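Subject: Structure handover

Hello,

Here is the structure for your set. My notes on it follow below.

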Amino acid sequence: MSGLYLHIPFCASRCIYCGFYSTVHPKGHIGINIQERYISALCTELNLRRNYLANESLSTIYLGGGTPSQLLPSQLERIFYNIYEVYGCRFDDMEITMECNPDDITIGFANSLKALPVNRISMGAQTFSDQRLQFLRRRHTSADVRRAINLLRTVAGIDNISLDLMFGFPSETLEEWRDDVDTALSLEVEHISAYSLMFEEDTPLYRMLERGETSEIDDELYRRMYNLLIDNLTAAGYEHYEISNFAQPHRRSRHNSSYWSGVPYIGIGTAAHSFDTNSRQWNVADINQYISALENNRLPIEGREELDAKLQYNDLITTALRTSEGIDLTKLSPANRDYLLTCAEPHIHSRRLALGNNSLTLTREGIYISDSIMADLMAV
Ligand code: SF4
């Protein structure tokens with residue numbers, strides 16, 4: 001089993017916190033032209049790399065970005081037609097996710113989704129406060145999220161919707177975060193991903209922080225917000241199956257789960273990463289270089305890294321430990337198992353890690369500081 005990721009690097013405008021690669025394409029003729037050239041390049045890359053996942057069958061497809069819902073229905077149809085041509089897959093057995101912005105979901109767009117094999121939508125709601133949405137420079141309002149979910153369900157017939165939420169805005173209170181969580185629950189979506197607001201370098205938000213125009217919330221409030229999230233979502237029947245991800249029964253993201261369980265995947269498009277279990281490789285993060293390479297039948301690969309035993313061990317730590325199943329100790333060599341358990345011992349003792357029969361998992365206390373625990377467990 002394997003996954004296919006396609007990166008669609010177009011956004012109508014940039015949000016202040018975003019570190020993903022995307023371009024704000026010009027509207028009208030020129031914008032359409034670059035989108036068409038990009039999709040042609042994407043289809044060429046699909047063809048050139050058709051043997052990358054040699055003996056694996058495709059089980060999930062994920063259109064991420066950027067904003068895939070900025071594409072025209074005809075452009076999306078063209079992409080899926082090419083996937084079918086290259087992989088000859090039966091879409092009905094697969095999980096096929098598309099990221100959408102709430103304001104792109106019109107009746108016309110929802111109708112056009114019916115002609116596509118997409119069966120799961122991931123939507124960035126972020127918050128239901130219009131004031132905080134404006135702060136993030138999101139283009140939608142909280143009313144747009146409700147309207148979009150309604151259209152996706154009633155017009156497009158989508159019964160698998162994931163919402164992204166954010167917490168930890170400057171001066172956000174615990175009660176305001178509780179309201180966001182309650183609103184998300186009232187929408188009865190199948191899946192929720194929740195992240196604290198990150199201040200990534202080279203973003204406008206980071207520069208605001210440097211200039212002292214905004215601030216991070218303190219650790220204690222962060223913990224209380226995270227606690228509230230876990231308590232309220234699990235009480236409502238969601239399974240907390242990964243540090244930031246919650247699913248109704250049988251609604252885990254199969255595509256993202258494959259990233260955390262070492263399943264191979266191919267990434268097509270600008271800045272996309274691929275993994276074949278022995279190596280990783282990634283494409284250029286520049287739309288002009290990407291298109292130009294493929295228009296000349298060259299692969300747009302910028303870098304490649306062989307995964308030696310140490311890197312494979314470290315990968316396992318940073319992926320498997322994120323999940324509720326944790327690290328399967330039987331997958332480790334005796335030497336790596338001993339090394340891991342020695343490094344883990346202080347955290348097991350302080351109940352930040354739990355040692356099961358053949359597994360090592362983060363406890364609730366450990367989740368808050370998962371990054372530093374992972375750093376302690378890695379081979380140097
Ligand atoms: S968060 Fe999404 S919509 Fe906003 S700039 Fe990033 S990719 Fe584009």
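Phenylalanine 199 has a relative accessibility of 14%, so this residue counts as buried (under 20% relative accessible area; exposed is over 50%, partly exposed in between, with a 1.4 Å probe and protein chains only). Phenylalanine 199 sits in the loop between β8 (191–196) and α7 (204–210); helices (H or I, at least four residues) and strands (E, at least two) are DSSP runs, numbered from the N terminus. In sequence 182 residues separate phenylalanine 199 from tyrosine 17, yet their C-alpha atoms are 6.6 Å apart.

Before the rest, the conventions. This is a predicted model, in which local features need pLDDT of at least 70 and side-chain atom pairs count only at pLDDT 80 or more, while totals for chains, interfaces and linings use all residues. Residues are numbered from 1 along each chain as its sequence is written, and side-chain values use heavy atoms, with hydrogens and water left out.

Ligand. Tyr17 is also one of the residues around the ligand, along with Cys11, Ser13, Arg14, Cys15, Cys18, Gly66, Thr67, Asn101 and Arg138 (a heavy atom within 4 Å). By class, this shell has four nonpolar, four polar and two charged residues; Ala, Val, Leu, Ile, Met, Phe, Trp, Tyr, Cys and Pro count as nonpolar, Asp, Glu, Lys and Arg as charged, and the others, Gly among them, as polar.

Strands. β1 (residues 2–8) and β11 run parallel and are joined by four bridges (pairing takes at least two DSSP bridges). Leucine 4 is opposite isoleucine 266 of β11. In β11 (residues 265–268), Tyr265 and Gly267 point one way, Ile266 and Ile268 the other, and all are buried.

Salt bridges. There are 21, each a side-chain nitrogen of Lys or Arg within 4 Å of a carboxyl oxygen of Asp or Glu. One of them joins arginine 153 to glutamate 190, with the closest N and O atoms 3.2 Å apart. Arginine 153 is in helix α5 (residues 142–154) and glutamate 190 in the loop between α6 (174–186) and β8, so the pair ties together parts 37 residues apart in sequence. Glutamate 190 is buried at 8% relative accessibility, whereas arginine 153 is partly exposed at 26%.

Within helix α6, arginine 178 and glutamate 175 are three residues apart, about one turn, and form a salt bridge at 3.1 Å, N to O. Glutamate 175 is partly exposed, with a relative accessible area of 44%. Salt bridges with shared partners also link Arg132, Glu172, Glu176 and Asp180 into one network.

Regards
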